[in-house]
Amino acid sequence: MAERFQFSDLLIISGVMGAARWKPTHLGPTVSPPQLVEFGGNLTRDRAERMMAHAEAGGLAIYGIGQLSYHRAPVDKTVVYPIDAFYAHGQYTSVIATMNRVAVLFDNAQKVDVQELAGKMIRVDN
């Protein structure tokens, strides 16, 4: 098992502007508003909640794609399942969100190792 990574340590990574973590209001595949647990960096509560909501919606879609691919051909090792994270690239900032419900906003002007950052995010105990 991989060593856990502290949520607060995401905020000291160069280029990271802010981060949020959240939980679903209940377990299961139904749609309901998530609950913000923690946020930090250069994010107001409103911005953290919007990032959380967008990441939650995107995550549900990405997870669904992975499930469809897996169920179509479970013996095919080239399917896109399992999915740990997804990345949305913007003009000035970008977001990485992980399936364990952690999202990070980072500055595109900074060099950020997206794979390394996602690897840390999936180890946040959430």
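In this predicted model, the largest nonpolar core consists of 14 residues, and Leu10, Val104, Leu117 and Met121 have the most contacts inside it. Two or more residues each come from helix 1 (7–10), strand 1 (16–23), strand 5 (102–107) and helix 3 (114–121). Apart from this core lies another, of twelve residues, including Met51, Met52, Ala103 and Leu105. In soluble globular proteins, nonpolar side chains tend to be buried together.

Beyond its neighbours within four places in sequence, Met121 is in contact with Leu10, Ile96, Ala97, Thr98, Asn100, Val102, Ala103 and Val104.

The aromatic rings come next. The structure holds one aromatic pair. The ring centres of Tyr87 and Phe106 are 6.0 Å apart and the planes lie at 5°, so the pair counts as stacked. Tyr87 belongs to strand 3 (residues 85–89) and Phe106 to strand 5, 19 residues apart, and the pair thus links distant parts of the chain. Phe106 is buried, because its relative accessibility is 3%, whereas Tyr87, at a relative accessible area of 40%, is partly exposed.

Among the residues that line it are Arg47, Arg50, Met51, His54, Phe86, Ile96 and Leu105. By type, the lining divides into nine nonpolar residues, one polar and two charged.

Note on methods: Residues numbered from 1 in each chain as written. Predicted model: local features only at pLDDT ≥ 70, side-chain atom pairs only at ≥ 80, totals over all residues. Heavy atoms only, no water. Core = buried A, V, L, I, M, F, W, Y, C linked by side-chain atoms within 4.5 Å. Buried < 20%, exposed > 50% of the residue type's maximum accessible area, 1.4 Å probe, protein only. Helix = DSSP H or I, 4+ residues; strand = E, 2+ residues; numbered from the N terminus. Contact = heavy atoms within 4.5 Å. Phe/Tyr/Trp six-rings, centres within 6.5 Å; stacked < 30°, edge-to-face > 60°. 1 Å grid on protein atoms, 1.4 Å probe; cavity = no way out; pocket = protein on both sides within 12 Å on 5 of 7 lines; lining within 4 Å. Nonpolar A, V, L, I, M, F, W, Y, C, P; charged D, E, K, R; others polar.
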